[in-house]
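Have the sequence and the 3D view open, and look up each spot as we get to it.

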Amino acid sequence: MNRAYYSNEIENFLNSSTNEILGILADKNEFATEQTQKDAWKYQIEFLQDVLKNYTGSIYFEYGIPRMGKRIDVLLLIKSILFVVEFKVGDKEYASPAIDQVWDYALDLKNFHETSHDKTIIPILIATKAKDTFTSISSSKQKDNLYDPVKTNSKGLSEIISHALLYLDGQDLINKQEWENGRYQPTPTIIEAATALYNNHTVKDISRSDASAINLSKTTDEVAKIIQQSKDRSEKSICFVTGVPGAGKTLVGLNIATTHFDKDSDLYSVFLSGNGPLVKILQEALARDKVKRAKANGEKLTKKVARSEVQAFIQNVHHFRDEGLRDSAPPIEHVTLFDEAQRAWTKEQTTSFMKQKKGVPDFNKSEPEFLISCLDRHPDWAVVVCLVGGGQEINTGEAGISEWISALERSFPDWKIYMSTKLTDSEYNTESILKKIHTRNNIFHSNALHLSVSMRSFRAENVSLLVKKILDIEKVDARDTLTELKHKYPIVLTRDFSKAKKWLKNKARGTERYGIVVSSQAQRLKPYAIDVKSPIDPVNWFLNGKDDIRSSYYLEDVATEFHVQGLELDWACVAWDGDFRYSNGEWIYKSFKGNKWQNIKKEDRKLYLKNAYRVLLTRARQSMVIVVPHGDKDDPTRLPEFYNDTFEYLKSIGFAIF
């Protein structure tokens, strides 16, 4: 598939007029073509027609990267090399953001374009009025044949191409037709996915298409079919979508929310989440992107206005709940999608909150029951979609998915129930309640409602399985799983935070995001400048750049499981404290109170702590470093024995020591 605005053989490009090429570019441009854009294209065309006189191959202008919502200025395919070229016309410096930009483009091709995986890729930044810095490409090669960005001014491109072709002479030539036909199989972060979907891309544009992950589209189609059927038959339905961590449950929800939102036909959907950081980050990311796109199209749009538009389809579930409490009329939405539905509150938690915070003394429903009742107000049809993660409950008062089913059993006998066939698995804790409703004749089971493959890590799909085996202390299975993935997803273990930080910085390229994640109960890492009680703004931590001390890149602020659940990093440092420690073949659960560690006795609190580490250990897309510190024999709150057995257990699984 050719995703460029203009592509041609270099020979044909050289023989075409500037106006002819400009016309093709302008016709394909999704925005109104500003004069500044025309001038930039004109410069690039004339410049390249002069530089490429002695070369044969193919040229691509404005090559699309749907995952990023951006386009490569120029892509050159010459002999055995892909040159990714970014122009900064008039720039006198090689700005760091520009270097990261061209690196990101090259990384996207290397990681997600099927026929670019094994190709040599050289990113080039041309700041036309800067001093020339090019000396050689030989020292900048990475293990995956992706070179560090080469920086040059308007005079150096020909030399770079010639040098690269000479240095890499003998490599197999790239077959143009085969390369163009290569599938684009991206694995976007949830932020990238939300941005792309909000701008009318489809799941197929931004997701992998290999057989192991094809059920993402199947699940989306299945939910869409249930919605259409419910609307056509004036039925009320609820469906439960399950999936392993990182499988794309949130992506399915966002896709349904964007495709079932049409004011003209009075169809409204809303994506709801009780995960406050996730909602704030997505709203801010979409608002920033909306303002940026408006500016690129010559329009004026304030972030305040953009944010209000975004909030129409991504909301905090508690705000939706409170509006349902204030107004007894049916909500405008007929379709609601609850992300991480297992985290909805129990009857006790909701009743207490309503009494203390909302002044409603006689409230007697769980959050799931009340939320279903809001949609039940519609006289015709409604659909509730519950996106369910197993082993993801991390906070007091979270009901688990069984409460949704209990609410249906108690109060909504006419609702149709569509459930994943995996909802019976032990990790969802639904066995007893499912027995109560098994005679109900309006229950339907579907394999298509389960997402079985983690897509968070495009390097290895069974990271979540490895983490499960580690936490369940199934050492042999954990070793076997690690053996399968460690070549693609190397996990390293260390006791030194400074080494871990250096490892992160050396591994990340371009704007690949890295940061330190830690359990919210890890209160004795303060000697290492890790303070879980120090508040962070997750929006700044996840969205801001390398120049912002509040961002994850600075490795100063740390994020807990509450900040990162549902989100991801490219590279993560997992800091391990004495709250969750291994000893004599079992996990010991601790909480720090006053000046000492105390045993956690309640089973639900133990589960929350175990799940906290499950969340932390499944955040990284490309790899992670785990730090288990040495402790301090002179500090009774950080004695070495609080950490040593945990380190030895993880070491015994086979993690590389760093």
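Helices (H or I, at least four residues) and strands (E, at least two) are DSSP runs, numbered from the N terminus. This is a predicted model, where local features need pLDDT of at least 70 and side-chain atom pairs count only at pLDDT 80 or more, while totals for chains, interfaces and linings use all residues. Residues are numbered from 1 along each chain as its sequence is written, and side-chain values use heavy atoms, with hydrogens and water left out.

**The sheet**

Strands of a sheet pair through backbone hydrogen bonds, either parallel or antiparallel. Here, five strands make an open sheet in the order S16-S17-S21-S15-S22, with parallel pairing. At the edges sit strand S16 (514-518) and strand S22 (656-657), each of which pairs on one side only.

Now for strand S21 (620-627). How many of its residues are buried? Eight of the eight residues in S21 are, which makes the strand mostly covered. (Buried means under 20% relative accessible area, exposed over 50%, and partly exposed in between, using a 1.4 Å probe and protein chains only.)

S21 and S15 pair in the parallel sense over four bridges, and Thr494 has Val627 in S21 as its bridge partner. Strand S17 (residues 569-575) also runs parallel to S21, joined to it by six bridges. Val627 turns up again there, as the bridge partner of Ala575.

Strand S15 (residues 491-494) pairs with S22 too, in the parallel sense over two bridges. For Leu493, the bridge partner in S22 is Ile657. Helix H24 (residues 644-653) packs on the sheet and touches S15, S21 and S22. The direction of H24 makes about 150 degrees with that of S15; axes are lines fitted to C-alpha atoms, for helices over the stretch in contact, and angles run from 0 to 180 degrees between N-to-C directions.

**Salt bridges**

A salt bridge is a side-chain nitrogen of Lys or Arg within 4 Å of a carboxyl oxygen of Asp or Glu. The structure has 36 of them.

| Pair | Closest N to O |
|---|---|
| Glu222 and Lys225 | 3.6 Å |
| Asp477 and Lys469 | 3.7 Å |

Lys546 is partly exposed at 37% relative accessibility, whereas Asp100 is buried at 11%.

Glu222 and Lys225 are three residues apart in helix H9 (residues 215-233), so about one helical turn separates them. Glu222 is buried at 17% relative accessibility, while Lys225 is partly exposed at 48%. As for the last pair, Asp477 is partly exposed at 36% and Lys469 is buried at 16%.

There's also a network of salt bridges linking Glu284, Arg288, Lys303 and Arg307.

**Helix H11 and its ends**

Helix H11 (residues 276-296) has 21 residues and reaches 30 Å from its first C-alpha to its last. That's close to the 30 Å expected at 1.5 Å a residue, where the expected span is 1.5 Å times one less than the number of residues. At the start of H11, a side-chain oxygen of Asn275 comes to within 3.2 Å of the backbone nitrogen of Leu278. Just after H11, Gly298 has a positive phi of about 75 degrees.

Glu62 isn't a glycine, yet its phi is positive, at about 55 degrees. Glu62 lies in strand S2 (residues 58-65) and is buried at 8% relative accessibility. Ile473 has a positive phi as well, near 55 degrees. You'll find Ile473 in the loop between H18 and helix H19 (475-485), and it is partly exposed at 24%.

Last stop: is Asn462 buried or exposed? Asn462 counts as buried, at 18% relative accessibility. Asn462 is in the loop between strand S14 (450-451) and helix H18 (463-471). Leaving aside neighbours within four places in sequence, Asn462 is in contact (heavy atoms within 4.5 Å) with Thr481, Glu484 and Leu485.

Conventions:
Polar contact = N/O pair within 3.5 Å; in protein donor to acceptor, adjacent residues only side chain to side chain. Pairing = 2+ DSSP bridges.
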